[in-house]
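These are my notebook entries on one structure. I set down what I looked up, topic by topic.

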Amino acid sequence: MPHCVTLPTPPHPGIIPRMNQVKIKVRPQETVQFPGLCVHCGRPAPASMPIRKRIGRTTRLIDVPLCLDCAQELRRQSADEERLQKIGRLVSAALFLLTLAVVILLTPASLAFLLHLLIGLLAAAGVTAVSLHFFRRAQTNAALPEKKAIRRSAQIAAFSWRATTFNFENETFAERFKEINESLLMET
Ligand SMILES: [Zn+2]
């Protein structure tokens, strides 16, 4: 297998640098051991960042180590992110009220008022959830480049009931991770 090279920065937006893939034997309830290094920059890591992967109806959530600077960077919001957050809340709240009103008006008058209200609330909750999801997506895309890079630095590529495959951008981190999980390594 050719040696994996980690590119310093993607040459074009959208092109993700080659990853260091590591597969280890781990069951869903077991804890994954990570080196005490930031998964993004390799400095000492007292903080953490959750990474998740959804396959079908199962979601795997794992905390990877992060240094304080990168953790702070993750909390920073770009102006666009802030704007989208505010607009998202306003639009979602307006959609909630609008859906509630329309559904209450449109459901047959023969139904009890409480039933009108219940159907209206359910529909409004559904519409609001879709709206919030849409805006959260847009917010993720509007993040600062540095924040995107940190999020990209570790990913769960795949998982099963007995194994999890990680992608690490930082080669040093990937090597240290392999060292401490040597007995659990599997072929990717
Ligand atoms: Zn860091």
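At what angle do helix α2 and helix α3 pack, and how far apart are their axes? Before answering, I recorded two conventions. I number residues from 1 along each chain as its sequence is written. The model is predicted, with local features needing pLDDT of at least 70, side-chain atom pairs counting only at pLDDT 80 or more, and totals for chains, interfaces and linings using all residues.

**Entry 1: α2 and α3**

I found that helix α2 (residues 79–106) and helix α3 (residues 113–141) pack at about 160°, with axes 8 Å apart. Helices are DSSP runs of H or I with at least four residues, strands are runs of E with at least two, and both are numbered from the N terminus. The axes are lines fitted to C-alpha atoms, for helices over the stretch in contact, and the angles run from 0 to 180 degrees between N-to-C directions.

A crossing is right-handed if the near helix is turned clockwise from the far one by less than a right angle, and left-handed if anticlockwise. The residues of this contact divide into 16 nonpolar, 9 polar and 1 charged. Here Ala, Val, Leu, Ile, Met, Phe, Trp, Tyr, Cys and Pro count as nonpolar, Asp, Glu, Lys and Arg as charged, and the others, Gly among them, as polar.

**Entry 2: two residues of α3**

I looked up Val130, which lies in helix α3. Is Val130 buried or exposed? Val130 is exposed, because 12 other C-beta atoms lie within 10 Å; the limits are 12 or fewer for exposed, 20 or more for buried, and partly exposed in between, with C-beta atoms placed from the backbone. The C-alpha atoms of Val130 and Ser92 are 8.8 Å apart, although 38 residues separate the two along the chain.

Leu121 is also in helix α3. With 15 other C-beta atoms within 10 Å, Leu121 is partly exposed. From Leu121 to Val103 I noted 18 residues in sequence and 8.7 Å in space, C-alpha to C-alpha.

**Entry 3: α1 and α4**

I then turned to helix α1 (residues 68–75) and helix α4 (residues 145–152), whose axes come within 9 Å and cross at roughly 120°. The pair α1 and α4 is therefore oblique, and α1 passes α4 in a left-handed crossing. Cys70, Glu73 and Leu74 of α1 meet Glu146, Lys147 and Ile150 of α4. I recorded 3 nonpolar, no polar and 3 charged residues in this contact.

**Entry 4: the core**

Which residues have the most contacts inside the largest nonpolar core? They are Cys38, Val39, Val64, Leu66, Phe168 and Phe177, in a core of 20 residues. Such a core is a set of buried Ala, Val, Leu, Ile, Met, Phe, Trp, Tyr and Cys residues joined through C-beta atoms within 7 Å. At least two core residues come from each of β3 (58–66), β4 (154–159), β5 (163–168) and α5 (171–180).

Leaving aside neighbours within four places in sequence, I found Val64 in contact (C-beta atoms, placed from the backbone, within 7 Å) with Phe34, Val39, Ser48, Met49, Ile51 and Ala154.

Notes: Parallel < 35°, antiparallel > 145°, perpendicular 65-115°, else oblique. Contact = placed C-beta atoms within 7 Å.
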